[in-house]
Amino acid sequence: MCVVIFCRTILNLQRCQRSDTNYAKQTRKNNCINIISWIYIFALCAPSRQEYNQLRQAQAIRDAVRTKQQLEQQITNQYAKGLNAFKARSYKECIYYLTNDRVANMFGNKKDYHIALGLSYRELKDYNHALTHLIHANKMGANNFPVMTGISYSFMDIQNYQQAYPYLQRTTSLFPNEPEPYWNLGITCDNLKNEACVLASMQKITEIRPTYSPDPYYYVGVIYNNHKQYAKSLANYNKGIQYFPQNGEMYYQAGHTCFLDGNWKGGIPYFDKSIKFQ
């Protein structure tokens, strides 16, 4: 509307320029005043338009921030679903949520993210992916029992005993009263032909948890027998018999140790009990 009035004013001015009457002169004067007025009005409107543009920009920024916040909340909810799925032992579901690109970008710097993914992959026997995430979590400071055993046992599962060995050593130092890492350390050392390590690991189990399993006693006894230390071997088997009194194999190994030592008569009672509990 303002533009139309402005154009009419210009048109009247052009028409009046063709006449020299007093009316025309007065009209030209009024038109000049109108033009000056419109210029003044436009000058006053300019800051308002600038303010309007600023308001639009501010609203656009607020909308962008709100959209970003909504997106971040969606990603956070997806991350939470992944962690909850891990706690519920729904490992495939956990991997589905946590391997989302947006979740990985937003939470890939969290230890819990890599722990949940690493242990989920391990449960699904995907040991390479498990090691990738668990080692990453370990480098970020995660050295709890599931992480440490998850790394070392995954290396064992792919028969990489050389890599498993240092992690098992560290695990036993962090958790000296847990027999399971010592057992796996002993098995690893057995595959690495490190007999001294096997003996030390298995003996440690019989000290901290004598009822853990008969198997550590077998390993200790065999190693002592291989070195003809029959008295130590027999003492080891007798200790095992105290905690596993109905284990026929333990009696047999004790009797066999007496046989190797030349003590035939001493071995007979063990063999008799071995037959009884077989």
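A crossing of two helices is called left-handed if the near helix is turned anticlockwise from the far one by less than a right angle, and right-handed if clockwise. Keep that in mind for the first stop.

Before you click: this is a predicted model, where local features need pLDDT of at least 70, side-chain atom pairs count only at pLDDT 80 or more, and totals for chains, interfaces and linings use all residues. Residues are numbered from 1 along each chain as its sequence is written, and side-chain values use heavy atoms, leaving out hydrogens and water.

**Stop 1: H6 and H7.** Select residues 127–139 (helix H6) and 145–157 (helix H7); helices here are DSSP runs (H or I, at least four residues), numbered from the N terminus. Their axes come within 9 Å and cross at roughly 145°, with axes being lines fitted to C-alpha atoms over the stretch in contact and angles running from 0 to 180 degrees between N-to-C directions. The crossing of H6 and H7 is left-handed. Now show side chains: Leu131 and Ile135 are among the H6 residues that meet H7, whose partners include Ile151 and Phe155 (contact means heavy atoms within 4.5 Å).

**Stop 2: Tyr79 and Phe107.** These two form a stacked aromatic pair, 3.9 Å centre to centre with 5° between the planes (ring centres of Phe, Tyr or Trp, using its six-membered ring, within 6.5 Å; planes under 30 degrees apart are stacked, over 60 edge-to-face, the rest tilted). Tyr79 sits in helix H2 and Phe107 in helix H4, 28 residues apart. Buried or exposed, Phe107? Buried, at 9% relative accessible area (buried is under 20%, exposed over 50%, partly exposed in between, with a 1.4 Å probe and protein chains only).

How values were computed: Helix = DSSP H or I, 4+ residues; strand = E, 2+ residues; numbered from the N terminus.
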